[in-house]
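Please keep the sequence and the structure in view while reading.

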Amino acid sequence: MSLDVSDVQKAQKVTTRPEDLIAIAERLCQHTGDSGSDENVRNDAFNACAEAILALVQVDVPEQKIQNALVQLKQGDAHWAKALFQEALNNNIAEVKAANRDAAAAARRLGARSFHDNPREALLAYQKSVALDPESVEGWNQVGNLSRRLGQLSDAEEAYGKVKPLGESRNHKETLALAYSNLGTVYRIRGDLAQAETMHLKSLAISEELNLKESMAANYGNLGAVYQIRGDLAQAETMHLKSLAI
C-alpha cells in the first residue's frame, strides 16, 4: 500500500491522537522487517519506524525533506526521518535560545535602572536574566555584585563562580581576571585572607599579562587591603603605592 507526504499531512490535520498516528505509521511501515525475521526484531523495526513518522508529523520541516525521509521509511529505514526530526528540534532550540537572550537583555536593562536605588529589585531582575540566559557574564557578575552588596556572600560566591567557567570555555582571560578579583573580595569580606590573597594574585597575573591598567590598580589595592587586615602594614603600603602609581 502506498502512502506519501500528502497522506501524512492530511492525517495530521484531522487527528493528533497517538493511536491514529501509530495506525498511519503501521500502514507506512507494513513491510518493515523481513517476514522471516524473529518477531521481536520485526517489532523493533516497526517501533523505530513508528517513532520516526510520529516525529515527522509533529515538526515543521521542508516538504521535500519529509518526502525524502518517507521514501526511506517505506524501505524500513528510519534513520533519515530521525535525523530530520533532530534538525527541526535543534532549530527550535536555537530559536528559543535567541528569544531568551532578548528577554534576558531586557531584564538586565531593568536591573541596571534600579541598581543603585533599589538593589533588591535589581537583584530579582538580574536573577531572571541569568535564568533566561545562563551564559551571560554580565548577568552573573551583577547577580554577584548585588548579592555581595546585600550581605549574601554565599550567593555572591556562587554567582562569581559561574563567571569563571564561562571565561575558561571562551578562553577570555579578562573575564577570568574579573572572576578571580570578585571572588577575592568575597573571601576578604568573609575573613578568609589566604584565599582572598590567592584570588587577587591570580587576577593580578592575568591583568599584568594583558596590560589591563585599571584591573592591575584594583588588584594592588585589594591586596593592600588584605595585608592591612592581616597586620602586614609594610606590604600593605607597597601594594597601595603600586595602585596609586598606576
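## Overall make-up

The model is predicted. Of its 246 residues, 39% count as buried.

Among the contacts in the protein with a separation of 6 or more, 51% are made by residues 24 or more positions apart.

## Helix α9

Helix α9 covers residues 173-190 and has 18 residues. At 1.5 Å a residue, a helix of this length should span 26 Å, and the end C-alpha atoms are 26 Å apart, which agrees. Just after α9, G191 takes a positive phi of about 100°.

The buried residues of α9 are T175, L176, A177, A179, Y180, S181, N182, L183, G184, T185, V186 and Y187. These buried residues pack against four helices: α7 (137-149), α8 (153-169), α10 (193-210) and α11 (213-230).

## A179 within helix α9

A179 is a residue of helix α9. With 0% relative accessibility, A179 counts as buried because the cut-off for that class is under 20%. Leaving aside neighbours within four places in sequence, A179 is in contact with Y160, V163 and K164.

A179 can also be placed relative to W140. The two residues are 39 residues apart in sequence, and their C-alpha atoms are 10.0 Å apart in space.

## The largest pocket

The largest pocket has a volume of about 240 Å³. Of the 13 residues that line the largest pocket, E174, A177, L178, E214 and S215 are the closest to its centre.

Which helices each supply at least two residues of this lining? They are α9 and α11. The largest share, five residues, comes from α9.

## V226 within helix α11

V226 is found in helix α11. Its relative accessible area is 0%, and V226 is therefore buried. Leaving aside neighbours within four places in sequence, V226 is in contact with R188, L193, A196, E197 and H200.

F115 has its place in the loop between α5 (79-113) and α6 (119-132).

Leaving aside neighbours within four places in sequence, F115 is in contact with A122, Y126, Q142, N145, L146 and R149. F115 and Y126 are 11 residues apart in sequence, with a C-alpha to C-alpha distance of 9.7 Å. R149 lies over the face of F115, at 5.3 Å from the ring centre. As for pairs of aromatic rings, a search of the whole structure finds zero.

## Two asparagines with positive phi

Most residues other than glycine have a negative phi. N171 has a positive phi of about 55° although it is not a glycine, and N211 likewise has a positive phi of about 55° without being a glycine.

Where are these residues found? N171 is in the loop between α8 and α9, and N211 is in the loop between α10 and α11. N171 counts as exposed because its relative accessibility is 62%, with the cut-off for that class at over 50%. N211, at 47% relative accessibility, counts as partly exposed.

## Summary

How values were computed:
Residues numbered from 1 in each chain as written. Predicted model: local features only at pLDDT ≥ 70, side-chain atom pairs only at ≥ 80, totals over all residues. Heavy atoms only, no water. Expected span 1.5 Å × (residues − 1). Buried < 20%, exposed > 50% of the residue type's maximum accessible area, 1.4 Å probe, protein only. Contact = heavy atoms within 4.5 Å. Phe/Tyr/Trp six-rings, centres within 6.5 Å; stacked < 30°, edge-to-face > 60°. Lys NZ or Arg CZ within 6 Å of the ring centre and 35° of its normal. 1 Å grid on protein atoms, 1.4 Å probe; cavity = no way out; pocket = protein on both sides within 12 Å on 5 of 7 lines; lining within 4 Å. Points joined across faces, edges and corners; volume = space filled by probe spheres on them.
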